[in-house]
Amino acid sequence: MAAGTVCDKEDVVCDRRVEHGLDRVALGGPGARFGIVTAGKAWHDVRQALRTLGIDDERARALGVAVYKVGMLWPLEPEGIGAFADGKQELCFVEEKAAFVESQAAALLYNRAERPRITGKSDDTGAPMIPADVALESLELAQILAERLKANGLWDEDLAVRADAARSWRSTLLEVIAPVEATRLPYFCSGCPHNTSTRFPEGSKAISGIGCHGMAMWARPGTLLGTQMGGEGMTWVGMHGYTSRKHVFQNLGDGTYFHSGLLAIRAAVASGANITYKILYNDAVAMTGGQPVDGPITVPGIARQVLDEGVRKLVLVSDDPDKHRGADLPAGVRIEHRDRLDAVQRELRDTPGCTVLLYEQTCAAEKRRRRKRGEFPDPDKRMFIYDPVCEGCGDCSVQSTCVSVEPLETPLGRKRRINQSSCNKDYSCVKGFCPSFVTVLGGKPRKAAGVADPEHLFAGLPEPQTAALGDGAYGIMIPGIGGTGVITVGAVLAMAAHLEGHAASAYDMTGLSQKNGAVYSHLQVAGDPSALRGNRLGLGEADLVLGFDLVAALNDECFRTFDPARTRLIGNERVQPTAAITSDPDARVDTSLLLRRVARKLRAEHIRQVDGTGLATALCGDSIATNMFIVGAALQLGWLPVSLAAVERAIELNNVQVPFNKRALAWGRLWAHDPLAVEKAAGGNVAGSTAVADIDLDALIAQRESMLTDYQSARLAKRYRKLVDDVRDAEIAASGEAGAFTHAVAHGFARLMAYKDEYEVARLYSDPAFRKRLEAEFDDIREIRFNMAPPMFAKRDAETGHLVKREFGPWMLRAMGVLAGFRRLRGTALDPFGRTEERRMERALIDEYEQRIRDLLPGLEAARIGLATEIASLADQVRGFGHVKERQVGQTRARWQALAERWAHGEAADEPPPARELRRVA
């Protein structure tokens, strides 16, 4: 390149930007002593901050304030910024994130004989001023600018009053913002290869990278922060000689590999570091929408390339190893099933130098897309969990880490279900050690039928009122879950505003959040474009919150936009489980806590709650109708600044499921007008759940008595009732009423007594209720199979020693019907299953629990009922089958012992922990 070429180009660029007026004085005029320089989104924040301080163009000229709006950040045009700086005491640079324009201006103005003071990321004393690590927020910026105006002598009583009001208002808004326990972090799609591929052996560490596998930082404890593309593993290359750790795993996607990841592997080989690159070949750039990988890349091609670079060993792992048999793979490459992932990783971990695990499995989202187009095999097979057999241990979630395996609250406790609408047919959940999994061949998930011909119900709906826009912008915050159409709703409402001649601004917070995480759309509607604020709604700037997901609505991104005086919220009171369920079987979202937080922040008349998911699914046949249902309710309430006709026309222009979305909108409008009519139309089709804690004590005891009689005999039920009655009497004597302690014993003792042995599993499956449940969930079932590991017949895994499940055909149903008739043998000398270690453990637990509870009764006092309840509730932790249950029992017994020691020392559950001595560390 010839000398001076770059400078010449910069000169040309600067000339063109002057010619086209890209940089301009946007507020104020000549003679100003204080100048504000800003660009992009920050310009909107500055404009709103100045509005807060009552500074319009006329007021700015009177005060001596001017604003310079930069249209192109680099290179900064020198003559324009120089002319603006003339006569200024101070230039204050307001920029989002890093100081980009400020540093250029400082260099350009440095040698001038008279130059203004420069402030921005720091003030004139060097103290931090405008933050670079968080988004700008107009109320905070108003306070900062007020301080700079005061420092420059541009101050009067009106500014002082407005600055104090802004400071007070911001403090009021912030003091009620606190983190909520539940968060909706982004997570892998159902059936995603990363559900398995990002796992690593106990004792190891892994490093994330660019791509969906970056979410492993939240999902897999021990996964470390990654680097830029092409730098994968380089942090380890630099430090491996200075740590006692011998090895790490590095995740790497196929797209990143082709882009620059191979360079990192080359450097790792040269360094001699012990590192295993786990290259996922998923056949798509999954994170940004499933585009083809930009380049000719294949599994054999990757294998040959990395081996030629000097990689010591490569193993190919796949969910379908057979499709790679006979492929053009390099000599020595071994092919393994993904079930052996842990063993393969341990082998590579122990191999010196740089190794590669090439993991092949198609992206789950891409599978779904291709299946819709008929371009990918769609197995005629689904998994079904029969919840009466399920123990709720969560091992299926542990094995699959799949969000389609959802918690199900039942009168017998928390169980699991498979969300058939989101399931991507990965089938790894069946590896959970539990006989409740049924393979369904040929069956298609039934969809709710919806309500036929409801037009007569909509006929009398009055035309909704439209919310007034006023002089400013109407802020609408839309929090929801990625993949459910949140951004689409924002776009539809923005189009509706456009159709009515209004200005609209939609700012969507998506990225990785689209993967089951919280997504936000910041929407503003104004009569005049100049009234629009910064793209992102700031503190207290929401007039309406469409709460498609309350967890997202209560997180800071949304909650900080609530204004106690004016914000209205319509919230979906049915909250979907978060990704925490994949690792914690007892993870729950306390919906009542979320609703209480909303009630503490907003006026009661400004809050409406609706079971949007339940009603929309029952009325329209699909939960995807939920968002538009809630939009319809807000529209009918008069909380939207657009008309019904505009919204319906925008739905038509979107051209996706137009009749369906219009129907959902109409149902939401009807709910706002006449909720009883909607609930009546939905009838008994609204799916709900009943948790154990919600069941009346007498009803709970009666149900458990009946269950134990069916399980074994009236004699067993009588033993159960005797302990429960004794506990009830003791609790009444201690506190005046039977409450939590009796409830915990009534549930826990029955759970231990009705352990699910071979007889019970057989009885539950041979009950006609099983077939009815299957037929209620699936159409056209061709065949069913059972996934079990009977101790007498099942093989053991050579590496773990655990029994291995396998499929049994429909004949098993007849065999179980016969076996169920022999349940009277349970626990007798003739019981062929009763001598196993697991059955002896289960029988011992019944006696152990009964004795522990009876030991509590003599010393039961009102102050100690909480601790007694905690002890009794531990029976609910004894869940699962085989090795899973054995582990749970060990943990439960240890906890029982710890609580028993507290009981023996006279402690109460509500006593505060002993104060800890604080020592000053020098």
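**Ground rules.** I worked on a predicted model in which local features need pLDDT of at least 70 and side-chain atom pairs count only at pLDDT 80 or more, whereas totals for chains, interfaces and linings use all residues. Residues are numbered from 1 along each chain as its sequence is written, and side-chain values use heavy atoms, with hydrogens and water left out.

**Entry 1, the parallel sheet.** I looked up the strand order of the seven-stranded open sheet and found β7-β6-β8-β9-β12-β10-β11, with parallel pairing; strands are DSSP runs of E with at least two residues, helices are runs of H or I with at least four, both numbered from the N terminus, and two strands pair if DSSP finds at least two bridges between them. The edges are β7 (223-224) and β11 (334-337), each of which pairs on one side only. Within the sheet, β9 (residues 275-281) is joined to β12 (residues 354-360) by seven bridges, and Y281 stands opposite E360 in β12. I then noted that helix α13 (residues 341-349) lies across β8, β9, β10, β11 and β12 and runs at about 165° to β12, where angles run from 0 to 180 degrees between N-to-C directions and axes are lines fitted to C-alpha atoms, for helices over the stretch in contact.

**Entry 2, the mixed sheet.** A six-stranded open sheet has the order β19-β20-β18-β21-β22-β23 with mixed pairing, and its edge strands are β19 (503-509) and β23 (607-610). The twist averages 10° from one strand to the next. I checked β22 (residues 568-572), which pairs with β23 in the parallel sense over four bridges, and there N572 stands opposite V610.

Leaving aside neighbours within four places in sequence, L493 is in contact (heavy atoms within 4.5 Å) with residues including I478, L523, L546 and V631.
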